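Please open the model in your viewer and keep the sequence panel beside it. The stops below each begin with something to select, followed by what is to be found there.

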Amino acid sequence: MRVPEIDEQLADQIARVVRSIRALELKKAPSISETIDWARTLLFLGKSEIDPVVIGETLHVLLKYQSDITKARKELQVPDVAGSV
């Protein structure tokens, strides 16, 4: 509802990724606001689906602490911007 231009498939993928991240023990799990920001970022970047590379490139939009980003990368097995997992 907050990002009306997003298609249902991408919205579902976003919800699944965020749910997975929220299941981790983090300093600060992504809030609704951060999830909306991530959805808008993905649209701005022209992404129509989420893959590990997209998550790796944009994880900093969802998570504010480097330790949380590192943990999420490891648990979700996504590459960092440099390409290593």
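For the helix pairs on this tour, axes are lines fitted to C-alpha atoms, for helices over the stretch in contact, and angles run from 0 to 180 degrees between N-to-C directions. Helices themselves are DSSP runs (H or I, at least four residues), numbered from the N terminus. This is a predicted model, in which local features need pLDDT of at least 70 and side-chain atom pairs count only at pLDDT 80 or more, while totals for chains, interfaces and linings use all residues. Residues are numbered from 1 along each chain as its sequence is written, and side-chain values use heavy atoms, with hydrogens and water left out.

**First stop: H3 and H4**

Select residues 52-62, which form helix H3, together with residues 66-76, which form helix H4; the two pack at an angle of about 150°, and their axes are 10 Å apart. H3 and H4 are therefore roughly antiparallel to each other, a word used for angles over 145 degrees, whereas those under 35 count as roughly parallel, 65 to 115 as roughly perpendicular and the rest as oblique. Now show the side chains where the helices meet: Gly56, Leu59 and His60 come from H3, and Ile69, Ala72 and Arg73 from H4, contact meaning heavy atoms within 4.5 Å. Divided by class, the residues of this contact are three nonpolar, two polar and one charged; here Ala, Val, Leu, Ile, Met, Phe, Trp, Tyr, Cys and Pro count as nonpolar, Asp, Glu, Lys and Arg as charged, and the others, Gly among them, as polar.

Stay in H4 and select Arg73. Is Arg73 buried or exposed? Arg73 counts as buried because its relative accessibility is 15%, the class being set at under 20% relative accessible area, with exposed over 50% and partly exposed in between (1.4 Å probe, protein chains only). A polar atom of the Arg73 side chain lies 3.0 Å from the backbone oxygen of Gly56. This pair falls under the term polar contact, which is a pair of N or O atoms within 3.5 Å; within protein, one must be able to donate a hydrogen and the other to accept it, and residues adjacent in sequence count only if both atoms are side-chain atoms.

**Second stop: H2 and H3**

On the H2 side, select Glu34, Thr35, Asp37, Trp38, Thr41 and Leu42, which meet Val54, Ile55, Thr58, Val61 and Leu62 of H3. This contact of H2 with H3 has six nonpolar, three polar and two charged residues.

Within H3, centre the view on Thr58, which is buried, its relative accessible area being 4%. Which side chain makes a polar contact of 2.7 Å with that of Thr58? The partner is Trp38, and, leaving aside neighbours within four places in sequence, Thr58 is also in contact with Thr41, Leu42 and Leu45.

Turn next to H1 and H2, whose axes come within 11 Å and cross at roughly 135°. That makes H1 oblique to H2. Select Leu10, Ile14, Val17, Val18 and Arg22 in H1, and then Ile32, Thr35, Trp38, Ala39, Leu42 and Leu43, which they meet in H2. By class, there are nine nonpolar, one polar and one charged residues in the contact of H1 with H2.

Arg22 belongs to helix H1, which covers residues 8-22, and is partly exposed, with a relative accessible area of 40%. Not counting residues up to four places away in sequence, Arg22 touches Ala29, Pro30, Ser31, Ile32 and Thr35. A polar atom of the Arg22 side chain lies 2.8 Å from the backbone oxygen of Pro30.

**Last stop: outside the helices**

Select Glu49, placed in the loop between H2 and H3, where it is partly exposed at a relative accessible area of 46%. Not counting residues up to four places away in sequence, Glu49 touches Leu10, Gln13 and Val54; Gln13 is 36 residues apart from Glu49 in sequence, with 7.3 Å between their C-alpha atoms.

Finish at Gln77, in the segment after H4, which is exposed, with a relative accessible area of 60%. The phi of Gln77 is near 55°, a positive value in a residue other than glycine.
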